[in-house]
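Here are my notes on the model, as numbered points. Please read them with the structure open.

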Amino acid sequence: MSVPSAWYLVLAAVLFGLGATGLLIRRNVLVMYMCIELMLNAVNLTFVTFSRTLNDLGGQAAVFFVLVVAAAEVVVGLGIIVAIYRRRAEATADDVHILKG
Amino acid sequence: MTTALLVQAASRSAGGGTHLAHASAWAVFAVGAGLILVGALGVILLRNPVHCALMLVVTLFGVALEFIDQSAYFLAAIQIIVYAGAIVILFLFVIMFLGVDRRERAAAERLRAQRPLALALGLMTLILLLVLSRVGDWTTGARSTSGALNARTATGGATENVQLLGQSIYTRYLLPFEMTSALLVIAIVAAVVMARSRSRAAGEMSQAEQEEVTGP
């Protein structure tokens, strides 16, 4: 009756590939972070698809915890980016070394 | 959540005819997939970071639609509230706070072939995932280790998705739940420590304060 799970898995794979490509292409740290969030969402979609296919609630519990950890990770990561910006006017991925020492 | 109710109502009102339910499942999937692809392409291609954040919201809404299409109603609501409602707000706040980088620095890349190589790697990731999904043997382990998705209560009635998920989080997955609570507290403390003013370390006095104490 509903959509076969292969469609969801392909969609999640495409989303993951787009996130990985964006992470490699972009240099603005904030946009790179957003591409990481794209990849996390692709993994969440895969978890939910398999949870429905195997009729197992563990997949949805895993997505719950991935969401919580992603939120905590964004808080810490953006704090680091703000700390970088205190020294420089722009934030690109090449600037992480100025936090050394 | 109203979308979930609409989808549920649509599939129930179809009654004996599964054609409408079948079509509506595909329609929701197609709309969600369109939103996801448009949003993801927008995130990786647009120049202005604010536009990228808005395209990320579009992607998150698409993923929430896919969650609803697979009957994960609680996760769809949590996805909207936490991801689109908190994390993207954080992103936008930091973008506004730092000032928007209108164009990424035009300075030369350290690696000359970085962009074509990045595109090739991204394409290879996608092709590898798709090929592995067809060729590889999926080892999925024991079925229903944490309870079935459509479990029934003792009296035979169906239990809701929220109820089942809540029960599993507070009984079987209690330890990860407590650990993520501790993780959130750690993240908050880390954010406060990093945002603190760095002008002087704790206990150190500035020149003016030292002169004030020792007297003129």
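1. Helices (H or I, at least four residues) and strands (E, at least two) are taken as DSSP runs and numbered from the N terminus. On that basis chain A has three helices and zero strands, in the order α-α-α along the sequence.

2. On provenance: this is a predicted model, in which local features need pLDDT of at least 70, side-chain atom pairs count only at pLDDT 80 or more, and totals for chains, interfaces and linings use all residues. Residues are numbered from 1 along each chain as its sequence is written, while chains are lettered from A and ligands numbered from 1 in the order in which they are written.

3. Chain B is likewise without strands: it has eight helices and zero strands. From the N terminus they run α-α-α-α-α-α-α-α.

4. Burial was computed for each chain. A residue is buried if 20 or more other C-beta atoms lie within 10 Å of its own, exposed if 12 or fewer, and partly exposed in between, with C-beta atoms placed from the backbone. Buried residues make up 49% of the 101 residues in chain A, and 24% of the 216 residues in chain B.

5. Two residues are in contact if their C-beta atoms, placed from the backbone, lie within 7 Å. Of the contacts in chain A with a separation of 6 or more, 41% are between residues 24 or more positions apart. In chain B, 49% of the contacts between residues at least 6 apart in sequence join residues at least 24 apart.

6. Between the chains, 72 residues of chain B are in contact with 65 residues of chain A. On the chain B side, helix 2 (18-45), helix 3 (49-69), helix 4 (73-98), helix 5 (114-135), helix 6 (161-171) and helix 7 (174-195) each give two or more residues. Helix 2 of chain B has the largest share, 12 residues.

7. What holds the core together in this model? A nonpolar core is a set of buried Ala, Val, Leu, Ile, Met, Phe, Trp, Tyr and Cys residues joined through C-beta atoms within 7 Å. The largest one has 66 residues, of which A:L15, A:M34, B:V43, B:L56 and B:L75 touch the most other members. Helix 1 (5-25), helix 2 (29-53) and helix 3 (58-85) of chain A, with helix 2, helix 3, helix 4 and helix 6 of chain B, each supply at least two residues of this core. Because domain 1 (1-103) and domain 2 (160-196) of chain B, with bounds from an automatic or database domain assignment, both give residues to this core, it lies between them.

8. Leaving out residues up to four places away in sequence, B:L75 touches A:V48, A:Q60, A:V63, A:F64 and B:F67.
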